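User: I am new to this structure and would like to go through it in questions and answers. Please show it first.

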Amino acid sequence: MQERQHIENGSELFCLCLFFSSQNVKKREEEAKAKGSDEPFPEHIQKGDRVTVPATEGVEERHGEVAYVGTIDGSKGYWIGIKFDGPNGKNDGSLKGKRYFQCEENYGGFVKPNKVILASK
């Protein structure tokens, strides 16, 4: 009986977690729409994930850890804030005087979700 009650309580907790997670996603999508974007919240990318940003013209491939997922004041849509492994970023986790995450100068950067490749887990 206790085992069944524990499982039921566990599943209720799981359902509550899913509910609050979906509410958080809805809130973020509403924030983005308010800033003029219809792109969906990038649920597959989470704070703490290891990522690669592929090389582009003039910029080498970069590796780091996701430190922020959300909107940025003055920009449309969602952005991924990354603490890079080396000093190949453009900031310290802040933009235009607002702090989104903390890292050393030139170790931080913001990229669009479609420019990020998740490392194998």
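The questions below go from the overall fold to single residues.

User: What kind of model is this, and how are residues numbered?

Analyst: Residues are numbered from 1 along each chain as its sequence is written, and side-chain values use heavy atoms, with hydrogens and water left out. Local features need pLDDT of at least 70, side-chain atom pairs count only at pLDDT 80 or more, and totals for chains, interfaces and linings use all residues, since this is a predicted model.

User: In what order do the elements of the protein run from the N terminus on?

Analyst: Helices (H or I, at least four residues) and strands (E, at least two) are DSSP runs, numbered from the N terminus. The protein has one helix and seven strands. From the N terminus on, the order is α-β-β-β-β-β-β-β.

User: What percentage of the residues of the protein count as buried?

Analyst: Buried means under 20% relative accessible area, exposed over 50%, and partly exposed in between (1.4 Å probe, protein chains only). The protein has 121 residues, and the buried share of them is 35%.

User: Which element supplies the largest share of the lining of the largest pocket?

Analyst: A pocket is an open set of points on a 1 Å grid over the protein atoms alone, where a 1.4 Å probe fits, with protein on both sides within 12 Å along at least five of seven lines; lining residues have an atom within 4 Å of a point. The largest pocket has a volume of about 330 Å³, a volume being the space filled by probe spheres set on the points, which are joined across faces, edges and corners. Its lining has 17 residues, of which Val53, Arg62, Lys90, Phe110 and Val111 lie nearest the centre. Four residues, the largest share, come from strand β6 (residues 108-111).

User: How are the rings of Phe41 and Tyr78 arranged?

Analyst: Rings of Phe, Tyr and Trp (its six-membered ring) pair if their centres lie within 6.5 Å; planes under 30 degrees apart count as stacked, over 60 as edge-to-face and the rest as tilted. Five aromatic pairs are found in the whole structure. In one of these, the ring centres of Phe41 and Tyr78 are 5.2 Å apart and the planes are at 85 degrees, so the pair is edge-to-face.

User: Which parts of the chain does this pair link?

Analyst: Phe41 is buried, and Tyr78 is buried too. They are 37 residues apart, and the pair links distant parts of the chain: the loop between α1 (2-34) and β1 (50-53), which holds Phe41, and, for Tyr78, strand β3 (residues 78-84).

User: How are the rings of Phe101 and Phe110 arranged?

Analyst: Phe101 and Phe110 belong to one aromatic cluster with Tyr68 and Tyr100. Phe101 counts as buried at 6% relative accessibility, and Phe110 does so at 14%. Their ring centres are 5.4 Å apart with the planes at 55 degrees, so the pair is tilted.

User: How far apart in space are Trp79 and Lys112?

Analyst: Trp79 is in strand β3. Not counting residues up to four places away in sequence, Trp79 touches several residues, including Phe110, Val111 and Lys112; contact means heavy atoms within 4.5 Å. Trp79 and Lys112 are 33 residues apart in sequence, while their C-alpha to C-alpha distance is 4.9 Å.

User: Is Lys96 buried or exposed?

Analyst: Lys96 sits in the loop between β4 and β5 (98-99). Although not a glycine, Lys96 has a positive phi of about 50 degrees. Its relative accessible area is 77%, so Lys96 is exposed.
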